[in-house]
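Here's a quick briefing on a two-chain model, meant to be read with the coordinates open. Take a look at the sequence and structure first, then go through the notes.

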Amino acid sequence: MKFAIQVNEGPYQHQASDSAYHFTKAALAKGHEIYRVFFYHDGVNNGTRLATPPQDDRNITKRWGELAETHGLDLVLCVAAAQRRGIADRDEAKRHGKDADNVAPGFHISGLGQLVEAAIQSDRLMVFGD
Amino acid sequence: MSKAPPPPPPPPDDFDDDEGPEIVKRFLYVNRRAPYGSIYALEALEVVLIGAAFDQDVSVAFIGDGVYQLKKGQDTAGVEMKNFSPTYRALEMYDVEKLYVERESLVARGLTAEDLIVPVEVLDSDALGAVMEQQDVVLSF
C-alpha cells in the first residue's frame, strides 16, 4: 500500500512525530511505500538542525533524516508554516534576507500543494496530531 | 461585524480546466477547534484554499468548538490577531461549497445556522458520520 504521512505537531512536546516515525518505519519494513512525509503546523519544527536534545534521548530530527536517507523518503516542511516559525533553508533565508538557515539534512521546504498531491497519489493519508 | 475584512486571496488558476485532473478524490477537511487560541483553524483554511487548485471533490465539516470558526461578528481586536473569518465566505469562489456543521455541536453552544457567516448544511452526528464514511481522504484539524 502507498501511504502519505502528515505530521502536525512539533518534536518532544507531543508524541505525534514519534508515532509517525514508528508507523513509517513499520510500514517500510512490511514492504509498503511511503509516498511523502509532510510536516505541517508546529510539525515543521521537526526539521531544524539546530535542535540539541539530551544525549540519552532520541534525536527525532536526526532519525527522520537517517530514515529518509536509507529509504529515499521525501520529507517536506510546509513553506507557509515554516516561514511563520523561523524554519528556513538556504534559499528561503536568502529570499527573506535572513542571516542563517536551519533545515536539517534529509528535509526540504515546499508548498501545501505537496500535501494535497500526496493525498491524491496515495492509497491512504495518515494524519498524526492532536 | 468587526474590523474591515482582509481581502480574500485570489482564486486558483484554472490551469487544469482543459484536461481535467487525472484523479478526483473525495476530500473532507474536519475543523474541530476554535478559530483563535491555536493556529489549527487558520492553517486548515490555508490547506483548503491551496487544495482547491487540485480540482478535487471537497467538503468541509465543522464539529465541536470548530463551529465557532463560522460564528458571525468575530472581533479579534482585543487579542491582536487577524480576523480571518471573512475568508470562509470566499470558499464559494473556490468551488468549495459543501460545508457541513454538526447539529449537536451547534446546540451545545447555543448556536443555530442563523449565527453563521456562510450557508451550511446542518447534519446530526450520525449523518455527518455517514458523510465521513464516504470520503477518500480525511484531514483533521
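Two strands count as paired if DSSP finds at least two bridges between them. Helices (H or I, at least four residues) and strands (E, at least two) are DSSP runs, numbered from the N terminus. With that in hand: chain A has an open sheet of 5 strands, ordered S4-S3-S2-S1-S5, with parallel pairing.

Some housekeeping: this is a predicted model, where local features need pLDDT of at least 70, side-chain atom pairs count only at pLDDT 80 or more, and totals for chains, interfaces and linings use all residues. Residues are numbered from 1 along each chain as its sequence is written, while chains are lettered from A and ligands numbered from 1 in the order in which they are written.

**The sheet of chain A**

- Strand S4 (107-110) and S5 of chain A are the edge strands, each pairing on one side only.
- Direction ignored, neighbouring strands here are turned by 25 degrees against each other on average; axes are lines fitted to C-alpha atoms, for helices over the stretch in contact, and angles run from 0 to 180 degrees between N-to-C directions.
- S1(A) and S2(A) run parallel and are joined by 6 bridges, with A:Phe3 having A:Ile34 in S2(A) as its bridge partner.
- Strand S3 (residues 75-78) of chain A is tied to S4(A) by 4 bridges, again parallel, and A:Leu75 sits opposite A:Phe107 in S4(A).
- S1(A) is mostly covered, with 5 of its 6 residues buried. Buried here is a neighbour count: 20 or more other C-beta atoms within 10 Å of the residue's own, against 12 or fewer for exposed and partly exposed in between, with C-beta atoms placed from the backbone.

**Helices of chain A**

- H1(A) lies across strand S1 (2-7), strand S2 (33-39) and S5 of chain A, at about 165 degrees to S1(A). Contact means that the C-beta atoms of two residues, placed from the backbone, lie within 7 Å.
- H5(A) also packs on the sheet, touching S1, S2, S3, S4 and S5 of chain A, and its direction makes about 155 degrees with that of S2(A).
- How do helix H1 (residues 16-29) and helix H2 (residues 60-71) of chain A pack? Their angle is about 20 degrees and their axes are 11 Å apart. That makes H1(A) roughly parallel to H2(A) (under 35 degrees is roughly parallel, over 145 roughly antiparallel, 65 to 115 roughly perpendicular and the rest oblique).
- The residues of H1(A) that meet H2(A) include A:Tyr21 and A:Leu28, and those on the H2(A) side include A:Trp64 and A:Leu67.
- Ala, Val, Leu, Ile, Met, Phe, Trp, Tyr, Cys and Pro count as nonpolar, Asp, Glu, Lys and Arg as charged, and the others, Gly among them, as polar.

**Where the chains meet**

- The contact takes 12 residues from chain A and 15 residues from chain B.
- On the chain A side, the elements giving two or more residues are helix H3 (79-85), helix H5 (113-121) and strand S5 (124-128).
- H5(A) supplies the largest share of that side, 5 residues.
- The chain A side divides into 10 nonpolar, 2 polar and no charged residues.
- A:Ala119 lies in helix H5 of chain A, and leaving aside its neighbours within four places in sequence, A:Ala119 is in contact with A:Ala4, A:Leu125 and B:Val137.
- Why is A:Ala119 classed as buried? Because A:Ala119 has 26 other C-beta atoms within 10 Å.

**Chain B**

- Chain B has 4 helices and 5 strands, following the pattern β-α-β-α-β-α-β-α-β along the sequence.
- Its strands form an open, parallel-paired sheet of 5, in the order S4-S3-S2-S1-S5.
- Strand S4 (121-123) and strand S5 (137-140) of chain B are the edges, each pairing on one side only.
- Strand S3 (residues 98-102) of chain B runs parallel to S4(B), joined by 3 bridges, and B:Val101 stands opposite B:Val122 in S4(B).
- Of the 141 residues of chain B, 33% count as buried.
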